[in-house]
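Here's a quick briefing for anyone meeting this structure for the first time. Have a look at it below, then read on.

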Amino acid sequence: QDLRRAHSLIQIIGSLRDRLLAIPSAESAVGIEVRDDLTAQTTAARELFTSIQTRLRVLEQGNANLRVLIPAGQSLYNLSLQDVDVREQQVGLVKGRFKEVIHRYAETEREHRAKQRLRLERQIKVVNPSLPPEEVQDLVNRAEDGESGAIFAKR
């Protein structure tokens, strides 16, 4: 269920990012609302990722403990090593799905950065269409590094 919830959060985050890029001014009331919602959804996703990761570690450690306890006859659950094998396969499947979720999240991050970069390039070209491509790239890089005044600075 949490993996499905994580997929859903990733879709919501992606649509909020697209919506934020489509808003003319991120400082408008709508822009602020979308940005706040995006922050909340991103925080929720990261907390969910951490929770899933922690639970997977607990399950893996539990299986490792059972591997030691069963041959020693100390397991309280009347399990066999074959049961532990099945448990490990199940945890492995969930872990694989979790990795897919993380990769999807990273992919949406990359897509957003690329879209944001294109938007910055368009804005710079609108303000100063005669800038050579190297200077446009330099301004975009500076803007990405946090120099907010770099985009519209006179050259």
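**Surface and overall picture**

The protein exposes about 10500 Å², and carbon and sulfur atoms supply 54% of that area. Keep in mind that this is a predicted model. As for the fold, you'll find four helices and zero strands.

**Overall shape**

- Reading along the sequence, you get the pattern α-α-α-α.
- The radius of gyration is 24 Å, whereas a compact globule of 155 residues would come in near 15 Å.
- Taken along the principal axes, the C-alpha atoms fill a box of roughly 80 × 35 × 20 Å.

**Inside and contacts**

- Of the 155 residues in the protein, 29% are buried.
- Take the contacts between residues at least 6 apart in sequence: 54% of them join residues at least 24 apart.

**Charges**

**A look at helix H3**

- Helix H3 covers residues 81-127, which makes 47 residues.
- From its first C-alpha to its last, H3 reaches 69 Å, close to the 69 Å expected at 1.5 Å a residue.
- Buried residues of H3 include Val84, Val91, Phe98, Val101 and Tyr105.
- Charged names turn up among the buried residues of H3 too, including Glu109, Arg119 and Glu121.
- What do the buried residues of H3 pack against? Their partners are helix H1 (2-22), helix H2 (29-69) and helix H4 (133-144).

Notes: Residues numbered from 1 in each chain as written. Predicted model: local features only at pLDDT ≥ 70, side-chain atom pairs only at ≥ 80, totals over all residues. Heavy atoms only, no water. Helix = DSSP H or I, 4+ residues; strand = E, 2+ residues; numbered from the N terminus. Rg over C-alpha atoms; globule rule 2.2 N^0.38 Å. Buried < 20%, exposed > 50% of the residue type's maximum accessible area, 1.4 Å probe, protein only. Contact = heavy atoms within 4.5 Å. Areas by Shrake-Rupley, 256 points an atom, 1.4 Å probe, with all protein chains shown as cover. Expected span 1.5 Å × (residues − 1).
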